[in-house]
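Good morning, and thank you for coming.

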Amino acid sequence: MRLTVIVTMAALAASCCAQAQNNVEVFSGQSVASQLTALVQEAKGSGGSGATLGDYKSHAIKLSVRTASGGAEVHAHYDDIFLVTEGKADLVTGGSVANAKTDSDGETKGSSIQNGNTQTIAKGDVVHIPAGMPHQLILAPGSIYSSIVIKVRESSEQR
């Protein structure tokens, strides 16, 4: 039931951000749960895994599973919306990215965040991270964290 609520929230969030589209897509709770289960097995070997449910003009809907902490990152041209489906993690935001490297499309990655703010996020939580905000997920050893991630692209007028 709770996963159904989260999937419904993801669909509503995506529709709020979407520009007029010709096709409607429904990702069933059963399909999403099955894909997340498969991604857990992949993530156990590499620390993280993901899949794209749909990629549209204004946004993309993705699945993300982590079994280890991720590096720090800053997205120059899109917001992240997380709908946490399993587990918990410490979300570090703000501050500065240590050992930062920015690629040609404006994405910055680094080893950690210095002087950021930490808060715990858990199953059922909805998180909005605006473009330009440094962020990093820290997981306790042996834990599994999964989420539906909606990546909302800035329009060219916002840049």
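A polar atom in the side chain of Gln136 lies 2.8 Å from the backbone oxygen of Gly70. The side chain of Gln136 also reaches the backbone nitrogen of Ile113, at 3.3 Å. I call these polar contacts, meaning a pair of N or O atoms within 3.5 Å; within protein, one must be able to donate a hydrogen and the other to accept it, and residues adjacent in sequence count only if both atoms are side-chain atoms.

Before going further, I must state that this is a predicted model: local features need pLDDT of at least 70, side-chain atom pairs count only at pLDDT 80 or more, and totals for chains, interfaces and linings use all residues. Residues are numbered from 1 along each chain as its sequence is written, and side-chain values use heavy atoms, with hydrogens and water left out.

Where does Gln136 sit? It belongs to strand S12, residues 135–138. Helices (H or I, at least four residues) and strands (E, at least two) are DSSP runs, numbered from the N terminus. Gln136 has a relative accessible area of 7% and is therefore buried; buried means under 20% relative accessible area, exposed over 50%, and partly exposed in between, with a 1.4 Å probe and protein chains only. Leaving aside neighbours within four places in sequence, Gln136 is in contact with residues including Gly71, Asp90, Leu91 and Ser112, where contact means heavy atoms within 4.5 Å. From C-alpha to C-alpha, Gln136 and Ile113 are 7.1 Å apart, although 23 residues separate them in sequence.

Let me turn to the overall fold. The chain has 2 helices and 13 strands, and 39% of its 159 residues count as buried. An open, antiparallel sheet is formed by 5 strands in the order S1-S2-S13-S4-S11. S1 (48–55) and S11 (126–129) are the edge strands, each pairing on one side only. Two strands pair if DSSP finds at least two bridges between them; S4 (residues 78–86) and S13 (residues 145–153) have 8 bridges. Within that pair, Tyr78 stands opposite Arg153.

Thr85 is also in strand S4. Its relative accessibility is 8%, so Thr85 counts as buried. The side chains of Thr85 and Ser146 make a polar contact at 2.6 Å.

Helix H2, residues 29–46, lies across S1, S2, S4 and S13, at about 145 degrees to S1. Axes here are lines fitted to C-alpha atoms, for helices over the stretch in contact, and angles run from 0 to 180 degrees between N-to-C directions.

What does the largest nonpolar core contain? It has 15 residues, of which Val32, Leu63, Val65 and Ile148 touch the most other members. H2, S2, S4 and S13 each give two or more residues to this core, and H2 gives the most, with 5. A second, separate core of 11 residues includes Leu91, Ile129, Leu139 and Val149. A nonpolar core is a set of buried Ala, Val, Leu, Ile, Met, Phe, Trp, Tyr and Cys residues joined through side-chain atoms within 4.5 Å.

Finally, confidence. The average pLDDT, the predictor's confidence in each residue from 0 to 100, is 88 for the chain, and 84% of the residues score at least 70. Over residues 3–8 the pLDDT is below 50, and residues 12–20 are also below 50. Where pLDDT is low, the predicted coordinates should not be read in detail.
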